[in-house]
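Let's take a walk through this structure, stopping at a few places along the way. Have the coordinates open and follow along.

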Amino acid sequence: MKQLLLATFIVASASLSQTTLSQESNTSFDYYFNQAIDFRQDVVTPNQVFGNPVGEWHVRPDQSAYFFKALAESSERVSLSEIGRSHENRPLITAYISSPENLARLDEIKEQRKNLTEYQGPAIIWLGYSVHGNEPSGTNAALLVAYRLAASEEAWIKQLLENTIVMIDPMLNPDGMDRFAGWANRYKGKQLVADSESIEHNEAWPMGRTNHYWFDLNRDWLLLQHPESQARVKHFYEWRPHIVGDFHEMGTNATYFFQPGVPTRQNPLTSDENFELTEKIGRFHAKALDAIGSRYYSQESFDDFYYGKGSTFPDINGGIGILFEQASSRGHLQESVNGDVSFPFSIRNQVAISFSTLQAGLELGDELLEYQKDFFNQWPVKASRDSEKGVIFSSNDQGRITEFLRILNSHQIEVQQLEGPRKIAGKEWPAKTSYVVNFKQQQYGLIKAMFETRTEFTDNTFYDVSAWTFPLAFNFDYHHLNKDELQRLPLEQFELSASSEYIGSGNPVALLIEWQDFQAATALTRLLGDEIDVKLLEKGSRLPVNGEAHEFMAGTVTVPLPAAESERDALIEQVNSHVSDLGLTTYGVDSGYSGQGADLGSPNVSDLEMPKPLLLIGDGVSSYEAGEVWHLLDTRLELPVSMRYGKDLGKMDLSDYTHVLMVSGRYPALEDDELDYIKAWLRKGGTIVASRSANQWLVEQGLVDFELLESEPSENQSRPFSERDDARAEHIIGGAIYEADLDLSHPLAFGLELEQLAFTKAGTMAFKPASKDFVTVATYTGSPLIAGYSSQTNVDRIKNTPAILAQRFGRGSIIMFSDNPNFRGYWLGSMRPYINSLYFNKAL
């Protein structure tokens with residue numbers, strides 16, 4: 001069968017002569033491996049599959065998958081597994097490469113990996129390539145690394161495979177990779193063009209870095225919002241690799257970077273032993289790059305702080321994660337200050353580092369195994385010394401709770417439910433809707449990372465966010481528990497039910513769904529999409545359910561029912577079909593008369609309409625933030641969203657849209673007639689929802705009465721050059737968490753119950769306090785910084801300024817978010833006002 005398959009590939013490549021294939025094969029392999037190697041002839045080569053040497057063209061994801069399948073068919077050293085599918089339904093594959101004896105007992109070894117403190121088997125090394133789809137040298141290097149491991153007759157390779165299971169993830173982001181490979185190949189000529197301004201080196205928006213929804217998958221290992229990350233992290237926990245190599249690219253004018261990186265910029269939860277072992281492995285990389293004459297650096301850049309990255313996530317999970325960054329050719333050849341960077345050259349460096357990682361794994365194998373055992377033996381000791389013994393969190397929003405518990409469960413974090421109500425730290429914690437995480441478990445370190453609110457740091461320079469506290473992101477009430485508090489809690493195991501419930505009589509006059517549940521918005525989309533008449537309670541109401549009064553908060557949505565029994569029953573069945581899988585409670589009220597609050601025929605009960613939003617995208621617009629809006633509307637709300645280029649805003653007919661959504665970016669200055677059209681559209685009922693720098697456009701166009709707070713110039717302190725990085729950090733907010741006071745009576749706050757709301761603060765843009773009443777939805781507190789790094793200068797400047805502003809414009813409205821409310825798809829707390837801006841804009 002293997003010989004037949006190999007013959008098939010050779011026939012398929014018949015357009016190239018055998019002489020050409022042979023010559024190209026020898027030349028390319030000698031170049032990439034820096035030596036002549038004896039290869040087994042029965043193992044399929046990349047050339048035989050593609051018809052050209054690796055590096056001549058950018059490999060597409062389908063070609064990569066095809067090659068790895070062929071390699072597994074032709075070599076007993078390779079086993080291939082599909083671990084998931086991308087958003088665009090592309091396979092996410094992992095190749096296990098080891099000795100035939102190890103591969104025959106893969107399941108047995110995986111089972112042994114469950115006992116991490118006693119494991120004695122082969123080391124596990126995971127090489128993951130090109131999580132950013134337009135950083136292609138990794139994905140193309142993976143082909144060569146896998147081939148050499150599968151076919152080489154080298155003694156050290158055979159020894160490696162006897163003692164190691166190498167897991168190769170050749171394309172961490174196949175959807176982005178497909179966009180980029182198509183672009184680079186499309187503009188390649190027979191004569192390579194190194195001009196950095198040539199179109200080959202300048203992708204069209206949104207570029208191939210991100211996944212289908214334009215998310216950076218290298219920030220999602222902790223957040224788990226995408227199928228690529230969910231599959232990958234599940235696979236990670238099944239194997240708990242000792243080393244994870246994370247292969248990237250950086251600017252063309254750079255050289256090559258490998259960790260450990262800047263010593264002061266690693267997360268304090270990461271041990272010194274981890275840094276030291278990473279540095280020891282780094283010596284293998286230096287030797288490999290020296291051997292081929294490639295320049296590099298190691299401890300002068302990047303940080304190792306945020307645990308949501310592929311090189312840092314392993315560090316808090318018992319492995320050694322290592323970031324690799326290669327200067328990018330971006331196409332096939334590009335000029336740089338170091339001379340022209342060719343695509344094959346960038347691949348060659350990644351190949352060399354892949355094998356130096358494997359050599360380190362072989363020679364340091366016993367040390368790696370011992371490090372991981374010590375890692376998991378130390379956590380119980382560290383947990384016992386921690387004055388914080390656990391954390392309790394609570395919310396009446398079952399939708400947000402369910403999503404958070406999904407993430408915790410995916411990270412193998414154990415959670416229990418409060419069986420009976422308790423008073424802790426002066427607050428009542430209700431049973432059944434309060435949950436407890438005990439720190440004394442295997443994932444202690446990751447738990448600390450997810451729940452801490454650190455504000456002081458050794459080094460204030462961050463490559464990414466400095467805080468990501470999950471209960472703040474989800475807008476949960478939470479409290480860190482001491483030993484006595486934890487011991488007094490009555491806890492129980494639980495199972496969440498996704499089924500919905502009906503409470504009410506058999507002949508209700510209306511159905512009501514409370515807005516506190518995050519899933520209620522999805523239900524509303526479905527109901528409006530089915531042209532069901534749905535209304536909004538703009539004020540709270542006390543209505544009878546089965547003869548007993550029930551308090552309904554403002555924001556509850558209601559479906560009036562017809563008096564005729566047959567029509568009523570049909571409508572109830574129709575509503576139930578839309579909510580049955582959302583875990584919601586639907587109430588059937590006996591009467592529309594409240595006696596306290598709004599009756600169901602009140603002027604404070606308004607009509608709701610199906611939103612028809614337009615999201616502005618394209619050059620100058622943040623693809624990350626646009627993708628977050630698209631993902632929210634498309635996957636969570638099930639709401640169709642049109643997308644058009646922002647540069648064309650002045651020429652658009654907006655009559656078919658209810659909303660224009662503007663994320664951070666640059667937008668065109670409008671001519672007077674264009675601006676008049678936008679104003680007329682607003683007066684007729686249109687809504688603009690803007691976030692971050694898009695607010696500046698609204699101010700400059702004179703569409704709002706609000707002003708931005710000007711930045712104050714910094715004073716010259718004659719500081720030495722060595723403090724330059726610290727000085728710059730003082731003027732940057734890379735990703736801290738700020739707290740705002742919330743006006744819970746405002747329609748944009750419907751569904752939220754806590755008086756404070758946390759935002760991820762990135763950038764220093766701020767509003768001046770509004771001079772009008774009723775337009776400020778949320779205001780940063782007097783001490784807004786609750787997690788992460790932000791200089792006192794920025795804290796003082798931003799405190800007591802508006803976080804959300806909203807004003808009427810005729811029958812329409814303009815809603816402005818100082819920050820990004822949909823940050824990385826998991827910040828469900830501040831998502832709520834953004835969602836409300838889509839459905840409740842008429843209630844402002």
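At what angle do helix α11 and helix α12 pack, and how far apart are their axes? Keep in mind that this is a predicted model. Helix α11 covers residues 272–291 and helix α12 covers residues 343–363; they pack at an angle of about 140°, with 8 Å between their axes. Angles over 145 degrees would count as roughly antiparallel, so α11 and α12 come out as oblique to each other. The crossing of α11 past α12 is right-handed.

Now zoom in on the residues that meet there. From α11 come Ile281, Phe284, His285, Ala288 and Leu289, and they meet Asn349, Ala352, Ile353, Ser356, Thr357, Gln359, Ala360 and Glu363 of α12. Sorted by class, this contact has 7 nonpolar, 5 polar and 1 charged residues.

Next stop: strand β29, residues 736–742, where you'll find Asp741. Its relative accessible area is 36%, so Asp741 is partly exposed. Beyond its neighbours within four places in sequence, Asp741 is in contact with Glu755, Gln756, Val777, Ala778, Thr779 and Thr781. With Gln756 there is a polar contact, side chain to side chain, at 3.0 Å.

Finally, head over to strand β32 (residues 802–809) and pick out Gln807. Is this residue buried or exposed? Gln807 has 8% relative accessibility, so it counts as buried. Setting aside residues up to four places away in sequence, Gln807 touches Leu703, Val704, Asp705, Phe706, Val775, Gly812, Ser813 and Ile814. The Gln807 side chain also reaches the backbone nitrogen of Asp705, at 3.2 Å.

Technical notes
Residues are numbered from 1 along each chain as its sequence is written. This is a predicted model: local features need pLDDT of at least 70, side-chain atom pairs count only at pLDDT 80 or more; totals for chains, interfaces and linings use all residues. Side-chain values use heavy atoms; hydrogens and water are left out. Helices (H or I, at least four residues) and strands (E, at least two) are DSSP runs, numbered from the N terminus. Buried means under 20% relative accessible area, exposed over 50%, partly exposed in between (1.4 Å probe, protein chains only). A polar contact is a pair of N or O atoms within 3.5 Å; within protein, one must be able to donate a hydrogen and the other to accept it, and residues adjacent in sequence count only if both atoms are side-chain atoms. Contact means heavy atoms within 4.5 Å. Axes are lines fitted to C-alpha atoms, for helices over the stretch in contact, and angles run from 0 to 180 degrees between N-to-C directions. Angles under 35 degrees count as roughly parallel, over 145 as roughly antiparallel, 65 to 115 as roughly perpendicular and the rest as oblique. A crossing is left-handed if the near helix is turned anticlockwise from the far one by less than a right angle, and right-handed if clockwise. Ala, Val, Leu, Ile, Met, Phe, Trp, Tyr, Cys and Pro count as nonpolar, Asp, Glu, Lys and Arg as charged, and the others, Gly among them, as polar.
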